[in-house]
Amino acid sequence: MLLREVEYARPATVEEAISVLATYDGARPLAGGQTLVNVMKARAATPDVLVDLADLDELRAIGFSSDGLLEIGSMVTYTQLQGSSEVEVARPILAEVAGTIGDVQVRNRGTVGGNVCVSDPTNHLPVLLVALGATFTIRSQDGERTVPADEFFLGVYMTAVSEGELLTKVNVPPSSGAGDGFAGLTIGTHGTYIVNAAASVSGDAARVAIGCVAAAPVRATAMEDKLAGGDFSEDAVRTASQGLGASLDPPSDVHGSGDFRRHLAEVSAVRAVLQAAGRRK
Ligand SMILES: Cc1cc2nc3c(=O)[nH]c(=O)nc-3n(C[C@H](O)[C@H](O)[C@H](O)COP(=O)(O)OP(=O)(O)OC[C@H]3O[C@@H](n4cnc5c(N)ncnc54)[C@H](O)[C@@H]3O)c2cc1C
C-alpha cells in the first residue's frame, strides 16, 4: 500500500474547512499536494484526515484590499500569479519569480499557500515574500490574525500556522515606485535553490533577505543599514555586502559547502539589490 489509510474531506466553504481542521487533531489541509502527498508516501507525515481545499473559490482569488494591498488567496497557483493583471500592476516580481518555479506541471498545481506553509528554505517564495514585507492572514475558529513575514517562517515545515488553523491569503504591499530583485544559484535550470536572495528598494531604503542559509529566510539587516544612505551604485552595494557571508552559518551538503553558500549569499544579495535599484536586469 502506497499511503497509510487516511480520511478525506472536501469542504465547500472556508468555515467548514476550519471546522474539520479544529475537530480532528491529525487533520491537514491539502493544497496542490505536490509536497504533502510525497511526504505521506515517504511516511514522513501521516495525517489522519486530508482537508482538500480544491473547492474553496474564495482562496483562489487575487484582488486588492480597501487599503490597496495586493491580496493573494492561498490556493492561487504559480500559473495564476504569472497571468494576473493585478500582480502585473502591483508587484510584477511575483509573476517573474513564479514563472521560474519547476516546470509547467508544477506551476499549474503548486499553490502560494502550499509553498509558504512547507517553509522549505530552498523554495522560491519565502525569501521573496520576506523582502517584499508581505503579511499572512490566518483563520481559525477563534477568528482571524495577520502575521508579518519576518515572524511567519519558523523553520523547515514550521510556520506561524498552528494546528486547526488555515492560511487564507498573503497580502503584499503594492510597489508604489519601489523596485524589486531576485537572484541566486539553482540546482539545474529550473531547480530549487542552493542560495537565493531577494531585495526591495524604495527611495533610500532597501530590504534584503537571504534564503537557503538557515531554516528560515534571514534578513540582511547590516547590509540594509549600510545602504541606508541611498547610494545604490555597484561599488556601494558590493561594499555593503561585505561581511554578510561571515555573519551567516549555512549548512554544507552535496550541493555546496558552507563557505560556498556564504560566498553565494553575498553575490546573490548584490545582484538582487542592483536589480531592485534598476541597475541590472
Ligand atoms: C518536481 C517538483 C519541482 C519543484 N520545484 C520547485 C521549485 O523550483 N521552487 C519551489 O519553490 N518549489 C518547488 N516545488 C515545490 C512546489 O512548489 C510545491 O507545490 C510546494 O512546495 C507545495 O505546494 P502545494 O500547493 O503542492 O502544497 P501541499 O503539498 O498540498 O501542502 C504542503 C503543506 O502545506 C500545508 N498547507 C497547504 N495549504 C495550506 C493552507 N492554506 N493553510 C495551512 N496549511 C496549508 C499542507 O497541509 C502541507 O503540510 C517543486 C515540486 C515538485 C513536485
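**Entry 1: the largest cavity**

I began with the residues that line the largest cavity: Ser-119, Asp-120, Pro-121, Asn-123, Pro-126, Val-127, Phe-153, Asn-196, Gly-211, Ala-215, Ala-216 and Pro-217. I note here that the model is predicted. Next I sorted that lining by class. I got seven nonpolar residues, four polar ones and one charged. The volume of this largest cavity came out at about 50 Å³. I then asked how many cavities of 30 Å³ or more the structure holds. I found two.

**Entry 2: the largest pocket**

I turned to the pockets. I put the space in the largest pocket at about 1,100 Å³. I listed 47 lining residues, and those closest to the centre of the pocket are Thr-35, Gly-114, Cys-117, Val-118 and Tyr-157. I looked up which elements give two or more residues to this lining, and they are E2, helix H2 (36-41), helix H6 (104-109), H7, strand E9 (158-159) and E10. Which element supplies the largest share of the lining? I found H7, with five residues. I also sorted the lining of the largest pocket by class: 21 nonpolar, 21 polar and five charged residues.

**Entry 3: where the ligand sits**

I looked for the ligand next. I found it in the largest pocket. I counted 30 residues around the ligand, and the closest are Pro-29, Gly-33, Leu-36, Tyr-78 and Thr-111. By class, I have 14 nonpolar and 16 polar residues in this shell, with no charged ones.

I checked the elements behind the shell. Strand E2 (27-30), helix H7 (112-118) and strand E10 (166-172) each give at least two residues to it. Which of the elements gives the most to the shell? I found H7 again, with five residues.

I went through the nitrogen atoms of the ligand. I found one 2.8 Å from an N or O atom in the side chain of His-124. For Asn-123, I read 3.1 Å between a ligand nitrogen and an N or O atom of the side chain. Asn-123 was already in my notes, as part of the lining of the largest cavity. At Leu-167 the backbone takes part: one of its N or O atoms lies 2.9 Å from a ligand nitrogen. I then looked up how much of the ligand is covered. Alone, the ligand exposes 970 Å², and the protein buries 86% of that.

**Entry 4: the second largest pocket**

I finished with the second largest pocket. I put its space at about 160 Å³. I listed 13 lining residues, and the closest to the centre are Glu-58, Glu-71, Gly-73, Thr-168 and Lys-169. I found that strand E4 (62-64), strand E5 (70-73) and E10 each give two or more residues to this lining. By class, I sorted the lining of the second largest pocket into five nonpolar, three polar and five charged residues.

Note on methods
Residues are numbered from 1 along each chain as its sequence is written. This is a predicted model: local features need pLDDT of at least 70, side-chain atom pairs count only at pLDDT 80 or more; totals for chains, interfaces and linings use all residues. Side-chain values use heavy atoms; hydrogens and water are left out. A residue is near a molecule or strand if one of its heavy atoms lies within 4 Å of it. A polar contact is a pair of N or O atoms within 3.5 Å; within protein, one must be able to donate a hydrogen and the other to accept it, and residues adjacent in sequence count only if both atoms are side-chain atoms. Accessible areas come from the Shrake-Rupley method with a 1.4 Å probe; for residues, only the protein chains shown count as cover. On a 1 Å grid over the protein atoms alone, a cavity is a set of points where a 1.4 Å probe fits but cannot get out, and a pocket is an open set with protein on both sides within 12 Å along at least five of seven lines; lining residues have an atom within 4 Å of a point. A molecule sits in a cavity or pocket if more than half of its atoms lie within 2 Å of its grid points. Helices (H or I, at least four residues) and strands (E, at least two) are DSSP runs, numbered from the N terminus. Ala, Val, Leu, Ile, Met, Phe, Trp, Tyr, Cys and Pro count as nonpolar, Asp, Glu, Lys and Arg as charged, and the others, Gly among them, as polar. Grid points are joined across faces, edges and corners, and a volume is the space filled by probe spheres set on the points.
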